[in-house]
Amino acid sequence: MCERCATAATRPGIRRRTYLKLAAATIAGLAFRTDAFAQPTPPKPENVLSPDAALDRLVKGNARYVAGDTTKHDFKNEREPLVTGQNPFAGILSCADSRIAPEYCFDAGRGDIFVCRVAGNFASDEIVASFEYAVQVLNTPLIVVLGHDACGAVDATIKSVKDGTVLPGHLPTLVAAISPAVKAAQGEPGNLLDNAIRRNVMLNVDKLKAAAPIVSKFVDDKKVRIVGGVYKLASGKVELLA
Ligand SMILES: [Zn+2]
């Protein structure tokens, strides 16, 4: 130890102040580096889930909805955490039918589920692109294709396929998208509408699973799970199909 250091070491006040300055500088440096490389904090940490845990959360939410025991929301104060971002734990492809309300039927809040809706709940290119954003940017681990019983879009498609009727306006677009499910269900025993609704859900589950290059990769890597379900109008229960 040199004379200068030896002198300083004999003065506890100076030694302590020097240590504190060094410690503060080190901590400041570490904090800077951490900030520089840190990922943005998920606004809803409870939404960072595995695909299976996300599905379990939806199932439990639906059970609360069926039982009439749903969460009371503080809408005013729930807004603030979502100002800077979102990390929904599930994506839902639902029919546009006004009787289906995904946030209600899974007892979820804003920022929890990423919902795309179109009559007949089919995966158009725009909807595939929306889920590409959800899985790649928002880290959403689960997608549910959600049909429902007594679906008017599927029923209209059945009539069009059976009678060859061309529906007015842009409705043929819906018919074209839903027709493969109707045709596949035509040979099945049981109720054609119910069968076509399930077929339509599962065909769109398969379409999303195969949606290259983004969604399919997340599915193959087991980072995303895609399942189907049918919402029962009378009970509110979502019956999972896969
Ligand atoms: Zn519908």
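Colleague: What spacing do the donors of the zinc ion follow along the chain?

Modeller: In this predicted model, the protein donors of the zinc ion are Cys-95 through SG, His-148 through NE2 and Cys-151 through SG. Along the chain, the donors follow the spacing C-x52-H-x2-C.

Colleague: How many residues apart are Cys-95 and Cys-151, and in which loops do they lie?

Modeller: Both cysteines are buried. Cys-95 belongs to the loop between strand 1 (90-94) and helix 5 (102-105), while Cys-151 belongs to the loop between strand 3 (142-148) and helix 7. The pair thus links distant parts of the chain, at a separation of 56 residues.

Colleague: Is His-148 buried or exposed?

Modeller: His-148 is found in strand 3. Leaving aside neighbours within four places in sequence, its contacts are Cys-95, Asp-97, Arg-99, Ile-100, Ile-197, Val-230 and Tyr-231. Residues under 20% relative accessible area count as buried. With a relative accessible area of 1%, His-148 is therefore buried.

Colleague: Why is helix 7 described as roughly perpendicular to helix 8?

Modeller: Helix 7 (residues 152-163) and helix 8 (residues 171-185) pack with their axes 9 Å apart. Angles of 65 to 115 degrees count as roughly perpendicular. Helix 7 is therefore roughly perpendicular to helix 8, the angle being about 80°.

Colleague: How do the residues of the contact of helix 7 with helix 8 divide into nonpolar, polar and charged?

Modeller: Helix 7 contributes Ala-153, Val-154, Thr-157, Ile-158, Ser-160 and Val-161 to the contact. From helix 8 come Leu-174, Val-175, Ile-178, Ser-179, Val-182 and Lys-183. These residues divide into eight nonpolar, three polar and one charged.

Colleague: Which residues is Val-154 in contact with, leaving aside its neighbours within four places in sequence?

Modeller: Leaving aside its neighbours within four places in sequence, its partners are Ile-178, Val-182, Leu-193, Ala-196, Ile-197 and Asn-200.

Colleague: What separates the C-alpha atoms of Leu-55 and Val-227?

Modeller: Leu-55 lies in helix 3 (residues 51-67) and is buried, with a relative accessible area of 9%. Leaving aside neighbours within four places in sequence, its contacts are Leu-142, Arg-225, Val-227 and Leu-240. Leu-55 and Val-227 are 172 residues apart along the chain, and their C-alpha atoms are separated by 8.9 Å.

Colleague: What is the separation of the C-alpha atoms of Ala-108 and Gly-61?

Modeller: Ala-108 lies in the loop between helix 5 and strand 2, and is buried at a relative accessible area of 9%. Not counting residues up to four places away in sequence, Ala-108 touches His-73, Glu-103 and Ile-113. Gly-61 is 47 residues from Ala-108 along the chain, and the C-alpha separation is 7.0 Å.

Colleague: Is Asn-139 buried or exposed?

Modeller: Most residues other than glycine have a negative phi. Asn-139, in the loop between helix 6 and strand 3, has a positive phi of about 60°. Asn-121, in the loop between strand 2 and helix 6, also has a positive phi, near 35°, and is buried at 2% relative accessible area. Asn-139, at 59% relative accessibility, counts as exposed.

Colleague: Which residues does a cis peptide bond join?

Modeller: Most peptide bonds are trans. The cis bond has an omega of about 5°, and its proline is placed in the loop between helix 9 and helix 10. The residues joined are Ala-212 and Pro-213.

How values were computed:
Residues numbered from 1 in each chain as written. Predicted model: local features only at pLDDT ≥ 70, side-chain atom pairs only at ≥ 80, totals over all residues. Heavy atoms only, no water. Axes fitted to C-alpha atoms, helices over the stretch in contact; angles between N-to-C directions. Helix = DSSP H or I, 4+ residues; strand = E, 2+ residues; numbered from the N terminus. Parallel < 35°, antiparallel > 145°, perpendicular 65-115°, else oblique. Contact = heavy atoms within 4.5 Å. Nonpolar A, V, L, I, M, F, W, Y, C, P; charged D, E, K, R; others polar. Buried < 20%, exposed > 50% of the residue type's maximum accessible area, 1.4 Å probe, protein only. Donors = N, O, S within 2.8 Å, 3.2 Å for Na, K, Ca; no water.
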